[in-house]
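The entries follow in the order I made them.

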Amino acid sequence: MLVTLLLTIGCGDKEPDNQVPQVSIVSPNTEERFLDGNPIVFQAQLSDTETASEQLRFEWSLDGTQVCTNTEGNASGLVSCELTPSIGTHSVIIEVFDLDG
């Protein structure tokens with residue numbers, strides 16, 4: 001049995017003069033496949049020109065349901081979320097918010 005994932009990234013709405021935080025999912029790869037029942041660790045790199053990485057707030061969601069909640073960035077900007085999705089294709093999204101929301 002295989003689990004296939006669709007990875008998406010996003011940033012929250014920002015004021016016009018505020019630079020949005022940057023985020024990229026660094027693992028796993030978009031086309032990677034996984035065995036059913038095995039946990040998958042998602043990692044993303046966060047950065048912002050105006051806010052330190054440890055002050056960034058981020059939210060992961062799986063198929064529209066928030067997971068790995070109450071998470072804040074760290075000095076390295078590398079964050080993770082461990083999930084064990086069911087068989088099928090799923091959408092994993094990370095949204096990043098700086099101090100300006």
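Which side chain meets that of arginine 57 in a salt bridge? I found glutamate 59 there, with 2.6 Å from N to O. I keep in mind that this is a predicted model.

**Entry: salt bridge**

I searched the whole structure and got 1 salt bridge. I then looked up how open its two ends are. Arginine 57 has a relative accessible area of 37%. Buried means under 20% and exposed means over 50%, so I list arginine 57 as partly exposed. Glutamate 59 comes out at 23%, which I also log as partly exposed.

**Entry: glutamine 55**

Where does glutamine 55 sit? I placed it in the loop between β4 and β5, the latter covering 57-62. Its relative accessible area is 43%, so I call glutamine 55 partly exposed. I also checked its distance to glutamate 72. The two C-alpha atoms are 6.6 Å apart in space, while 17 residues separate the pair in sequence.

**Entry: disulfide**

How many disulfides does a search of the whole structure find? I got 1. The disulfide joins cysteine 68 to cysteine 81, at 1.8 Å from S to S. The pair links distant parts of the chain. I located cysteine 68 in strand β6 (residues 65-72) and cysteine 81 in strand β7, 13 residues apart. I read 80° about the S-S bond, and the link of cysteine 68 and cysteine 81 is right-handed.

Is cysteine 81 buried or exposed? I noted a relative accessible area of 2% for cysteine 81, so it is buried. Cysteine 68 has 23% and is partly exposed.

**Entry: sheet**

I found an open sheet of 3 strands in the order β2-β4-β7, with antiparallel pairing. Why is one side of β2 and of β7 left without a neighbour in the sheet? I see β2 (22-27) and β7 (78-83) at the edges, so each has a single partner strand. I noted an average twist of 25° from one strand to the next.

How many bridges join β4 to β7? I counted 6 between β7 and strand β4 (residues 40-47), and the two run antiparallel. I also looked up what stands opposite alanine 44, and found valine 79 in β7.

Technical notes: Residues numbered from 1 in each chain as written. Predicted model: local features only at pLDDT ≥ 70, side-chain atom pairs only at ≥ 80, totals over all residues. Heavy atoms only, no water. Pairing = 2+ DSSP bridges. Helix = DSSP H or I, 4+ residues; strand = E, 2+ residues; numbered from the N terminus. Axes fitted to C-alpha atoms, helices over the stretch in contact; angles between N-to-C directions. Salt bridge = Lys/Arg side-chain N within 4 Å of Asp/Glu carboxyl O. Buried < 20%, exposed > 50% of the residue type's maximum accessible area, 1.4 Å probe, protein only. Disulfide = S-S within 2.5 Å.
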